[in-house]
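Subject: Structure handover

Hello,

Here is the structure I promised to pass on. Please open it next to this email and follow along.

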Amino acid sequence: MSQKFEVNGSGEILSDQEKQDRGVSGADMNGISCSDKDKISDSDMEYGSSDISQDVAPGEGEKDFESGTEEKFSQESEDDHLPDNMEQEESFEALLNSYDAEISHDIRQGDKIDGTIISIGKNSVYVSTGTKSDGVVDKAELLDENGEFPYNEGDTLSLYVVSSNESEVILSRALSGAGSVAMLEEASMNKTPVEGKVAGIVKGGFSVAVMGKRAFCPVSQIDTRYVEENEQESYIGKTFSFLVTRYSEGGKNIVLSRRSLLQREIKESRETYLKTISEGDIVQGKVVKLMPYGAFVELAPGVEGMIHISELSWARVDKSSDAVAEDQSMMVKILKIETKKGADTPKISLSLKQTSMNPWETVEKTFSVGEQITGKVVRLAPFGAFVEIAPGVDGLVHLSEMSHTKRVLKAEDVVEQGETIQVAIKEIDMEHRRISLSMKDTHGDPWDGAASRYPKGTVVEGKTEKREKFGIFINLEPGVTGLLPGSAMAKAADASLYDRLKPGDSVTVMVEDISEDTRRISLAPPDMKEGDDWKAFAKVAEKPKESVSTSGMGTMGDLLLEAMKKK
């Protein structure tokens with residue numbers, strides 16, 4: 001056992017009295033306050049600093065000191081690291097508690113969950129279910145109508161639990177397969193979709209096999225539109241998702257609705273689509289129904305618009321089917337989106353023709369006056385025929401421009417709707433978007449040279465064309481018709497001959513006058529020549545009124561005698 005002694009500056013051991021006289025010992029120095037230390041003299045401080053502890057066993061003091069120092073530092077080191085370790089333990093514990101709080105330990109068959117896609121495989125999609133087990137759904141169930149997979153990792157899906165165990169949760173968009181009565185009843189209460197196969201047609205609807213049970217789906221509930229009787233067979237054998245709208249009598253009376261489920265899905269997609277479109281946009285659509293006044297086009301599930309018949313084509317369209325067909329896909333322009341109060345969907349007006357250039361913008365560059373072109377008769381009117389010379393560009397052939405050879409009273413006497421004809425452009429009016437056409441200008445004008453072919457006094461044979469109160473129209477050749485006045489017929493040697501004429505009868509006439517400029521020919525009976533000579537003679541004979549008759553028969557007798565001599 002070692003003992004410690006205090007020594008003075010000479011190295012002598014101090015006695016107890018000397019210790020008391022000094023009033024302080026080296027061992028007590030550590031207990032003196034700062035104020036007391038200030039009172040100690042420099043000599044005392046030197047003395048205190050020279051105090052040493054000596055062990056009886058030499059060398060052991062250093063060991064004790066080193067050992068005590070290591071132990072002290074070791075303890076301090078443990079004390080310094082203790083709070084960090086405790087914080088890490090507390091943080092890890094908080095994470096575990098938070099993870100446990102987020103996990104639902106109560107998941108049952110038929111439950112609907114919203115899960116996030118965590119992985120996409122070749123045939124399966126893995127989804128976070130909110131439990132310790134991830135869910136898996138058949139990738140084929142998630143394909144869209146085009147057969148494409150529209151989701152990415154991180155997207156959220158609404159699915160139903162088909163089955164679950166400690167390692168895996170099977171998910172689906174609808175419950176299917178053989179199930180218990182309780183599952184169907186629960187699906188009815190929770191509005192959970194079930195998968196069913198249409199087995200056949202029954203009165204008022206369809207028989208559907210669902211989870212090993214027989215159910216009924218009214219015909220009005222098999223689709224979003226009413227299914228006609230001749231269309232019902234197309235549903236047999238197909239598998240759809242349904243909602244159980246009625247469950248009673250312990251499962252003996254089960255009524256399904258596919259329409260309610262479709263409307264629910266359509267409403268979600270419709271709201272999403274309507275946020276992406278605006279007036280003036282050109283979008284893809286499909287014709288779903290034709291009406292006399294236009295065509296209905298589906299832009300997205302649950303979103304339809306209408307193309308008025310006037311917006312189907314730049315050309316005139318009499319029937320919607322002349323421009324488009326059902327199931328035809330095409331680009332359309334959104335003209336107007338009108339939202340009505342209380343309506344689920346807005347009224348959308350569309351245009352097909354406005355997706356292409358207006359053909360009238362290029363008419364002046366494409367056509368010129370005097371040009372002969374081919375066109376199609378698209379419409380007949382009381383005053384003529386409309387002829388389409390280019391898609392969306394129509395011109396009018398007036399009745400007076402239809403024929404040189406005959407008088408046209410009705411357009412249908414010359415052309416038929418749909419007939420292709422040759423026309424000449426007479427006038428282009430860009431301001432009013434009108435084009436005047438002529439059919440007769442495409443042929444030679446029969447009046448050219450008519451005066452030389454039919455000089456005055458020429459006797460020709462023609463055909464009776466038409467009888468009027470003032471005379472008879474006689475056709476001399478195709479396109480050249482003259483008039484035989486009634487006054488001239490009365491002066492014929494045999495006027496009754498002209499009274500018996502009918503349209504198409506041949507008759508001999510004489511050209512009395514002709515004008516190519518006015519396109520008029522005056523005709524007369526050939527035997528009017530003698531009558532004209534008699535009238536001229538009568539005028540001359542009237543002059544010598546004072547002369548006296550040498551025959552004694554008077555003036556009239558003289559005239560008759562003179563006429564007989566002429567013969």
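**Confidence first**

In the protein chain, confidence is lowest in helix H3 (residues 42-50), with a mean pLDDT of 41, and highest in strand S15 (residues 347-351), at 94. Keep in mind that this is a predicted model. Residues 69-82 have a pLDDT below 50, and this stretch makes zero contacts in the model beyond near neighbours in sequence. Residues 99-104 also stay under 50. For them, the model has eight contacts beyond four places in sequence. Where pLDDT is low, the predicted coordinates should not be read in detail. Over the protein chain, pLDDT averages 77, and 72% of the residues score at least 70.

**The overall count**

The protein chain has twelve helices and 25 strands. It holds 567 residues, and 31% of them are buried.

**A barrel from S1 to S5**

Five strands form a closed barrel, in the order S1-S2-S3-S5-S4, and the pairing is mixed. On average, neighbouring strands of this sheet are turned by 55° against each other, direction ignored. Strands of a sheet pair through backbone hydrogen bonds, either parallel or antiparallel.

Start with strand S1 (residues 112-120). S1 and strand S2 (residues 124-128) pair in the antiparallel sense over four bridges. Together S1 and S2 make a hairpin, with three residues between them. Look for Ile 117: its bridge partner in S2 is Val 127.

S1 also pairs with strand S4 (residues 156-164), again antiparallel, over five bridges. Here Asp 114 has Ser 158 in S4 as its bridge partner.

Now move to strand S3 (residues 135-138). Which way does S3 run relative to strand S5 (residues 169-172), parallel or antiparallel? The two run parallel, and three bridges join them. Val 136 stands opposite Ile 170 in S5.

**A barrel from S16 to S20**

Another closed barrel of five strands runs S16-S17-S18-S20-S19, with mixed pairing. Its neighbouring strands are turned by 50° against each other on average, direction ignored. Strand S17 (residues 384-390) and strand S18 (residues 393-398) run antiparallel, joined by six bridges. Find Ala 390 there: it stands opposite Val 393 in S18.

Most residues other than glycine have a negative phi, and most peptide bonds are trans. Two arginines are worth a look here.

Arg 433 has a positive phi, near 55°. Where does Arg 433 lie? It sits in the loop between strand S19 (420-429) and strand S20 (434-438). Its relative accessible area is 43%, so Arg 433 counts as partly exposed.

Arg 519 is not a glycine either, yet its phi is positive, at about 55°. This arginine is in the loop between strand S24 (506-515) and strand S25 (520-524). Arg 519 is partly exposed because its relative accessible area is 37%, which falls between the 20% and 50% cut-offs.

Next, go to strand S23 (residues 480-485), where you will find Gly 482. Is Gly 482 buried or exposed? It is buried, because its relative accessibility is 1%, and buried means under 20%.

Which residues does Gly 482 touch, leaving aside neighbours within four places in sequence? The contacts are Ile 472, Phe 473, Ile 474, Ile 521 and Leu 523. Take Leu 523: Gly 482 and Leu 523 are 41 residues apart in sequence, but 6.3 Å apart in space, C-alpha to C-alpha.

**A pocket**

Rolling a probe the size of a water molecule over the atoms shows where empty space is left. The second largest pocket has a volume of about 770 Å³. Its lining takes in 24 residues. Lys 406, Arg 407, Glu 465, Phe 473 and Thr 481 lie nearest its centre. Strand S21 (459-468), S23 and S25 are the elements that give two or more residues to this lining. Which element gives the most? S23 does, with four residues.

Best wishes

Key:
Residues numbered from 1 in each chain as written. Predicted model: local features only at pLDDT ≥ 70, side-chain atom pairs only at ≥ 80, totals over all residues. Heavy atoms only, no water. Pairing = 2+ DSSP bridges. Axes fitted to C-alpha atoms, helices over the stretch in contact; angles between N-to-C directions. Buried < 20%, exposed > 50% of the residue type's maximum accessible area, 1.4 Å probe, protein only. Contact = heavy atoms within 4.5 Å. pLDDT = per-residue confidence, 0-100. 1 Å grid on protein atoms, 1.4 Å probe; cavity = no way out; pocket = protein on both sides within 12 Å on 5 of 7 lines; lining within 4 Å. Points joined across faces, edges and corners; volume = space filled by probe spheres on them.
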